Amino acid sequence: MTLFDALAQQAKACAALGSPFMERMLPFLAEVWPAGSSLDAAVQAFEGDIGPSGHSLPLRLASGLHALVLTQQDPELIAAYPPNDVSDNVLKSVLASALSRHEAFLIQWITSPPQTNEVRRSAVLIAGAHALVHRSEVTQVHLSELGASAGLNLMFEQYALTAGDTRLGPENAALTLAPDWSGPTPVTAPFTVTDRRGVDLNPLDPHTPDHALRLRAYLWADQAHRVALTDAAIQVNRAHVDQSDAVDWLEGRLADAPQGRMHLIYHTVAWQYFPPERQATGTALIEAAGAQATSETPLAWLRMEADGTARGAAVTARLWPGNHHIDLGRADFHGRWVDWADDPT
């Protein structure tokens, strides 16, 4: 796949996820791309798929430009970015200048893979946790998140969810999520998180300015509401994310699971990035631990992951003892909508 193909493919994906600016801007990058430059050589050095399913070079480049805007390094770029609006010719001219003027910055920026922590995915975590607590009747919960990034979704019980006429979450919630909800309203089963911890190959500390910048830069410039939610989540974040291989980490986490609590393992759009052999090992570890679960020490596995169908991600769970397979519904990858299927009544 060429960079131009990757930019076009990413533009379509961004359009489907509600970003007209990214849909417009990414093809312009292809038009003004500085062929033969040092930046071009840095991009060409990537091996394998550089598109949205691989290295995601379009998102790396776009986030680098957004970082320049957020750090106020380029007044011309700021003037051309939302909420401002300029003509196509002006935007292309500004992009061309930025690619040249900030070449060294962009070469360094794209060396790191995309890092997002989409807080709106917590909508299905909130509803899913309530569904699993309702079934297990164990109200003390021990959280383990795989692919946790900066840990913002490790704080999901501190957020509120509005689903139809139902509201889940604390009265003084750090933020409120209100996706387009269809299907049954989620069951209410109050619980307390007694421990939370996550793992990521490259964890970010949202309280470090450079890491917070990376989180914000990967949000799209015309989606200010995502920035506001991320900022609110950062303010209350106190989760710890370990740097490790997720499956190796999970083995120790399972061994140390406390008695008298439900151990909730979960991940959102992360499992697909694990190599197949790691997926197989992780599944075997969870299933072995599930076989040892009791009514006093239940084990739950909550997943929001792509399953090859055209509409969003599948939201599923497994619960032990009993190895129950639960279809909870489907959700938009960015949490804009939820088609809930769970009705335990």
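How many salt bridges does the count come to? The count comes to 18, where a salt bridge is a side-chain nitrogen of Lys or Arg within 4 Å of a carboxyl oxygen of Asp or Glu. We return to some of them below.

This is a predicted model: local features need pLDDT of at least 70, side-chain atom pairs count only at pLDDT 80 or more, and totals for chains, interfaces and linings use all residues. Residues are numbered from 1 along each chain as its sequence is written, and side-chain values use heavy atoms, with hydrogens and water left out.

Start with the strands. Helices (H or I, at least four residues) and strands (E, at least two) are DSSP runs, numbered from the N terminus. Two strands pair if DSSP finds at least two bridges between them. Strands of a sheet pair through backbone hydrogen bonds, either parallel or antiparallel.

Nine strands form an open sheet in the order β5-β12-β11-β10-β9-β8-β1-β6-β7. Its pairing is mixed. β5 (180-182) and β7 are the edge strands; each has a single partner, so one side of each is left without a neighbour in the sheet. On average, neighbouring strands here are turned by 20 degrees against each other, direction ignored. Axes are lines fitted to C-alpha atoms, for helices over the stretch in contact, and angles run from 0 to 180 degrees between N-to-C directions.

Walk along this sheet. β1 (residues 140-146) pairs with β6 (residues 192-200) in the parallel sense, over seven bridges. There, V141 has V193 of β6 as its bridge partner. β6 also runs parallel to β7 (residues 241-243), joined to it by three bridges. V199 stands opposite D242 in β7. Elsewhere, β8 (residues 262-268) and β9 (residues 299-305) make a parallel pair over six bridges. L264 faces A300 of β9 as its opposite residue. Helix α12 (residues 276-291) packs on the sheet and touches β8, β9 and β10 (313-320). Its direction makes about 35 degrees with that of β10.

Another open sheet has three strands, in the order β3-β2-β4, again with mixed pairing. β3 (166-168) and β4 (176-177) stand at the edges with a single partner strand each, so one side of each has no neighbour in the sheet. β2 (residues 160-163) pairs with β4 in the parallel sense over two bridges. L161 stands opposite L177 in β4.

Helix α8 (residues 122-136) lies across β2, β3 and β4. It runs at about 85 degrees to β2. α8 has 15 residues and reaches 21 Å from its first C-alpha to its last. That is close to the 21 Å expected at 1.5 Å a residue, the expected span being 1.5 Å times one less than the number of residues. Is α8 mostly covered or mostly uncovered? It is mostly covered, with 13 of its 15 residues buried. Buried means under 20% relative accessible area, exposed over 50%, partly exposed in between (1.4 Å probe, protein chains only). Just after α8, E137 takes a positive phi of about 65 degrees.

Now look inside. In soluble globular proteins, nonpolar side chains tend to be buried together. A nonpolar core is a set of buried Ala, Val, Leu, Ile, Met, Phe, Trp, Tyr and Cys residues joined through side-chain atoms within 4.5 Å. The largest one has 52 residues, of which L132, F156, Y159, M262, L264 and L302 touch the most other members. α8 gives the largest share of this core, nine residues. A second, separate core of 42 residues includes L39, L57, L65 and L68.

Side chains of opposite charge can pair when their charged atoms come close. D231 and R216 form a salt bridge, with their closest N and O atoms 2.6 Å apart. D231 is in helix α10 (residues 224-236) and R216 in helix α9 (residues 209-217), 15 residues apart. D231 counts as partly exposed, at 25% relative accessibility. R216 is also partly exposed, at 25%.

D245 forms a salt bridge with R278 at 2.8 Å between the closest N and O atoms. D245 lies in the loop between β7 and α11 (246-255), and R278 in helix α12, 33 residues apart.

α12 also supplies E287, whose partner R318 is in strand β10, 31 residues apart. E287 is partly exposed, with 34% relative accessible area, whereas R318 is buried, at 13%. Finally, salt bridges link R24, D85 and D88 in a network.

Definitions and conventions
Contact means heavy atoms within 4.5 Å.
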